[in-house]
Amino acid sequence: MITIDFDELTEGGRVHNLTGRDLGRRAREQLNLEELDKSDDEVRILVPDHIYLITPSFFIGMFAASVSLQGSLDKFFQKYKFESEPSVLRQVHDAAKRVLSVANKGASAPF
Amino acid sequence: MLPTKVLQRRFKIGTFFVVGWFLLSPVFAFPNGVAADVRGPTQFANLDERIKQLETKVQSRHNWIYVTGCVAVLGLILSIINFRLARSDRRSDKKIKSFETLYEAALQSSLERLEACGSELRTAAEFAEPKERSEKVKEIWVNDFIPGHTALTGHLRNLDESSNVSGNSWAACADNPFDALAKSIDVLLDVERKPAEVAIATETFACSLRELGEAIRTEIIHYKILLN
């Protein structure tokens, strides 16, 4: 199992809210999610307690392609296992649902 | 495409013309009454002239029947279209009512809740002591604002799921202002920030909250227009 620690994205604990699609895309590149999507490995994602918020746009920038590739919430969360506060987990679930909801309506570039 | 109500009005006017034709055209076509017109006078001075006269009348009656037939078909088409428009209008009224009951009230109340939290947050941001400011802002942000925003985006997502607008996300309207809000909160939480930075972040927060409110309210109007 591969582990990703979101603490890497917090500038040493100064950032408490992960925001913005661009930042999400950069994190995707930085953490090489493209390759992880293709592999069969499960990915453990650690979200430290000092992250209070993952905005939908950040999640979309970082994980939209992964969610679309997996095709369902169950498959996505089987592969990417988030370890975080319940409130952050709910934000992640909501954003993932949004990705699928829009993608299922046939948008070429969802959201 | 013209709105349904305008189309309906036009088709109603058309229908009135058709009905008017049926009521008034016989009066002009047969001013002496139908029977009198066919029967005519019983004494003939000139038979040929009378035959010609009758032929002309028969021809004009054929014309009248032909035009009236066309008008009847047109009237039937207009009535069907008018009926269908009225039905779609009733359906869109129902959709608007269900949108108002299910989503609009929920969106408005979530937004009002966020705006109330926002003013508390602004007050907290004005604390002079950085540690106190950071703690107070954190408390409101984590306990009130974020759950409020989660509820709001939940309502928007429900709207996404129930709407048939392809490739569109109602929730997306809240993304940019909310990102700006969250960024400004990071500054307010940081105890090492200078007072000027804190002042700018507080102002940015207030502006972004206003933008968020405007974005949601605009989307509510936009959605209602689409339903209509």
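Are Phe63(A) and Phe82(A) buried or exposed? In this predicted model, Phe63(A) is buried, and Phe82(A) is buried as well.

## Aromatic pairs across the structure

Counted over all chains, the structure holds 13 aromatic pairs. One of them joins Phe6(A) to Phe58(A) in an edge-to-face arrangement, with 6.3 Å from centre to centre and 85 degrees between the planes. Phe6(A) belongs to the loop between β1 (2–5) and β2 (17–18) of chain A, whereas Phe58(A) belongs to helix α3 (residues 56–70) of chain A, so this pair ties together parts that lie 52 residues apart in sequence.

Both partners can also be described by their accessibility: Phe6(A) is buried, with a relative accessible area of 1%, and Phe58(A) is buried, its relative accessible area being 1%.

## The pair of Phe63(A) and Phe82(A)

The ring centres of Phe63(A) and Phe82(A) are 5.5 Å apart and their planes meet at 70 degrees; because planes over 60 degrees apart count as edge-to-face, the pair is edge-to-face. Phe63(A) is found in helix α3 of chain A and Phe82(A) in strand β5 (residues 80–83) of chain A, so the pair ties together parts that are 19 residues apart in sequence.

## A cluster and a charge over a ring

Phe63(A) and Phe82(A) are also members of one aromatic cluster, which they form with Phe59(A), Phe76(A), Phe77(A) and Tyr80(A). Within this cluster, Tyr80(A) has a further contact to note, as the charged end of Lys79(A) sits over the ring of Tyr80(A), at 5.9 Å from its centre.

Notes: Residues are numbered from 1 along each chain as its sequence is written. Chains are lettered from A and ligands numbered from 1 in the order in which they are written. This is a predicted model: local features need pLDDT of at least 70, side-chain atom pairs count only at pLDDT 80 or more; totals for chains, interfaces and linings use all residues. Side-chain values use heavy atoms; hydrogens and water are left out. Rings of Phe, Tyr and Trp (its six-membered ring) pair if their centres lie within 6.5 Å; planes under 30 degrees apart count as stacked, over 60 as edge-to-face and the rest as tilted. Helices (H or I, at least four residues) and strands (E, at least two) are DSSP runs, numbered from the N terminus. Buried means under 20% relative accessible area, exposed over 50%, partly exposed in between (1.4 Å probe, protein chains only). A charge sits over a ring if NZ of Lys or CZ of Arg is within 6 Å of the ring centre and within 35 degrees of the ring normal.
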